[in-house]
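Hi,

Here is the structure we talked about going through together. Have a look at it first, then read on.

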Amino acid sequence: MASARDIYQDLLAQLTQAVLDRDAAGFAARTRLPFVMKTLDGSTTHRSTQSVKDSLNAYCDLLASQGVDGYLRSCDTAKFVSQHQISGYHTTRLRRQGIDVATPYLTRMSLFRDGDDWKVGISDSSLHTTDWPLLRQDEFDAPAQEKSESKNRLQNFQTILDRISAAFIGNDVQGWLNCVSLPLCLVSRQGIETFETPAQIIADFEAYQQDFMTYGVTSIVRQAKTAEIIGGDQMTGTYRMHMMRGTNHAVPPWDASMTLRKENGLWRVTTVMRAIGHLNWSALSPADMENIPDYTPEKGDQK
């Protein structure tokens, strides 16, 4: 019997080719109804073949409008949930003239056996509409000055996130220390971990560096989502965290938030909310990393 990963990759390749060929009928034939499509900011349930076809055609139009000429998808990992269901993750890269249109993003698919065939029944993507030009209507409607201020805040927050990522991937502990305001609090569902001295920060940083070498982490990407100023000297923002091994995710991405305080003109991190801590590197989802279930199929999703 083929492995879960081989089955997943084979179906993924068929779905990808259907998108490239704009083969709506072929794509629909490889989906199980109801077909649930989720993103970070929404969910759609397709209950008819025509609905799936219409969605595929709209997606192809979207790719064409953005000049996407490269559509690359590869399975990161997959496992049998039962003899009739497979759950797995794949990384998608959308490219235009050899350049990524968006940061590579992760999608979880649930596959279901239909006779001798496997079909996708649930697609749960980490893509958010702000990751590439699919802006929400309220962003278009906002006054120009408000949009400009929001953009500046987000850019400032992204700059800080980039400095932190560069320090971790470059094994620059001093760079990380320069981004931190002590005491630093890392908040997870397991509780609050407080670092009060540089020595504690360094020890934690070195533990991460060992993990990066062991599990082949080659890049870290933090994508700023929101940023707000609080009381003039504090900033809070949300972001999506990606740890990459080449073009694939080393672990599934997760969402977190960060609070910063301005000290002597520099923004420094005081709190990280939903810090995963030292990871379960075999996790199939952010919940697996915390050993907390993150998905219970709805009645309509089961067969």
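Below is what turned up, starting with how to read it.

This is a predicted model, so local features need pLDDT of at least 70 and side-chain atom pairs count only at pLDDT 80 or more, while totals for chains, interfaces and linings use all residues. Residues are numbered from 1 along each chain as its sequence is written, and side-chain values use heavy atoms, with hydrogens and water left out.

Salt bridges

A salt bridge here is a side-chain nitrogen of Lys or Arg within 4 Å of a carboxyl oxygen of Asp or Glu. The structure has six of them. In one, D61 and R22 come together with N and O 2.5 Å apart. That pair links distant parts of the chain, 39 residues apart: D61 is in helix α3 (residues 49-65), and R22 is in the loop between α1 (4-20) and α2 (24-29). Helices (H or I, at least four residues) and strands (E, at least two) are DSSP runs, numbered from the N terminus.

Then there is a network of salt bridges that links R261, E263 and R268. E263 pairs with R261 at 3.4 Å between the closest N and O atoms, and with R268 at 3.6 Å, N to O. Are these residues buried or exposed? "Buried" means under 20% relative accessible area and "exposed" over 50%, with "partly exposed" in between (1.4 Å probe, protein chains only). E263 is partly exposed at 25%, as is R261 at 28%, whereas R268 is buried at 18%.

Aromatic rings

Rings of Phe, Tyr and Trp (its six-membered ring) pair if their centres lie within 6.5 Å; planes under 30 degrees apart count as stacked, over 60 as edge-to-face and the rest as tilted. By this rule there are seven aromatic pairs. F168 and F205 make a tilted one, with 4.9 Å centre to centre and 50° between the planes. Because F168 lies in helix α5 (residues 144-169) and F205 in helix α7 (residues 198-215), the pair ties together parts that are 37 residues apart in sequence. F168 is buried at 7% relative accessibility, and F205 is buried at 1%.

A charge sits over a ring if NZ of Lys or CZ of Arg is within 6 Å of the ring centre and within 35 degrees of the ring normal. R222 lies over the face of F168, 5.8 Å from the ring centre, and R32 has its charged end over the ring of F112, at 3.9 Å from the centre.

Cheers
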